[in-house]
Amino acid sequence: MKNRITDLFGIQYPIIQGGMVWVSGAKLAAAVSNAGGLGLIGAGSMKPDLLKEHILKAQGLTQKPFGVNVPLLYEKAQEQIDCALDLGVKIFFTSAGSPKKFTSYLKQKGAIVVHVTSSPELALKCAEAGVDGIVAEGFEAGGHNGREEITTMTLIPQVREKISLPLMAAGGIASGSSIAAAMALGADGVQMGTRFLMTRESSAHENFKKLALEALPHSTQIMMRKTVPVRLLQNQFSLEIKTIEETFTGEELKNKLNEHLGKYRAKMGMLDGDLAAGELEIGQIVSLIKDVPSVEEVMKELISDYQKTLSRLPLKLD
């Protein structure tokens, strides 16, 4: 599976683990890197001091390349980036903000920069900003989503039409067959969040993992479309958000949502395991995941399934 993605990052397989808040720390990132992919520490839920701890821990757990995902919407993004640079991190995935904000700065420091985008137009802006690669994330993905609501299957070929950079597909990918499908659409590799969240090495609480194993195809829903769209596993908290969105409008809606969200809801649900009051961010593909194996087992299954998929594809249509 050697290609532009493996060459760019110095890894064995073009499989990237998404940088997720609260669940993708040093243990998960190092495990993915050791298994041949690229692990990412999700800095979105970390203050600089905690990010430093996780980077140092990851450096003690793997000699393979790993990176840091930095959501640019947070006020401490500059501090997080400088912290990672000071510790020798050379791979940065940025998201939730303009690719112009830090790309030049990171490139001057000798870093590899990848930006996450949700539309062909934004992908073109990423290329113009000078990034080394792009993650095009479809509407199926968990957590924060683009406002365009473009699904992965339609997004990837449209992004490929716009840019020639190394391209990673994200959203709804959790198997070797979906990796093959993404590559058939024009991607060079994939970024996977939910499949790696559902592993033994992820920091997601066991309560969250057990609930996710029971998920049905309709168990996730996009909430907060009028503010910051996010895909959640349905629970009491998501129903409360839905009620607020149906009751209020304008500034009052924003104020009510901010008031309801301002209690570390994602930490409560994803890390601490409060399945009623917590925010549970996860992708739509979760309904196909029926186990919580090790990262190594996941990677082996992904590669095996990918090869099996390729072996049954050469059908001629005369």
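Helix α14 (residues 295–311) comprises 17 residues and reaches 25 Å from its first C-alpha to its last, close to the 24 Å expected at 1.5 Å a residue; the expected span is 1.5 Å times one less than the number of residues. Helices (H or I, at least four residues) and strands (E, at least two) are DSSP runs, numbered from the N terminus. The model is predicted, with pLDDT of at least 70 required for local features and 80 or more for side-chain atom pairs, whereas totals for chains, interfaces and linings use all residues. Residues are numbered from 1 along each chain as its sequence is written, and side-chain values use heavy atoms, with hydrogens and water left out.

The buried residues of α14 are V295, V298, M299, L302, I303, D305, Y306 and T309, where buried means under 20% relative accessible area, exposed over 50%, and partly exposed in between (1.4 Å probe, protein chains only). Seen down the axis of α14, these buried residues fall within an arc of 165 degrees and so line one face of the helix; the arc is that of the directions from the helix axis to the C-beta atoms. K300, K308 and S311 are exposed on the other side of α14. The cover over the buried residues of α14 includes β1, α2, α8 (176–184), β9 (189–192) and α9 (194–197), contact being defined as heavy atoms within 4.5 Å.

Helix α12 (residues 250–261) has twelve residues, which at 1.5 Å a residue should span 16 Å; its end C-alpha atoms are 17 Å apart, which agrees. In α12, L253, L257 and H260 are buried. Viewed down the axis of α12, its buried residues lie within an arc of 65 degrees, so they line one face of the helix. An α-helix has 3.6 residues a turn, so residues three or four places apart point the same way. The buried residues of α12 pack against α11 (236–247) and α13 (265–271), while E251, N258 and E259 are exposed on the other side.

The axes of α2 (residues 26–34) and α3 (residues 48–61) come within 9 Å and cross at roughly 35 degrees. Axes are lines fitted to C-alpha atoms, for helices over the stretch in contact, and angles run from 0 to 180 degrees between N-to-C directions. A26, K27, A30 and N34 of α2 and H54, K57, A58 and L61 of α3 make the contact.

W22, in the loop between β1 (15–17) and α2, has a positive phi of about 70 degrees although it is not a glycine. A96 is likewise not a glycine and has a positive phi of about 55 degrees. A96 lies in the loop between β4 (91–95) and α5 (103–108) and, at 39% relative accessibility, counts as partly exposed.
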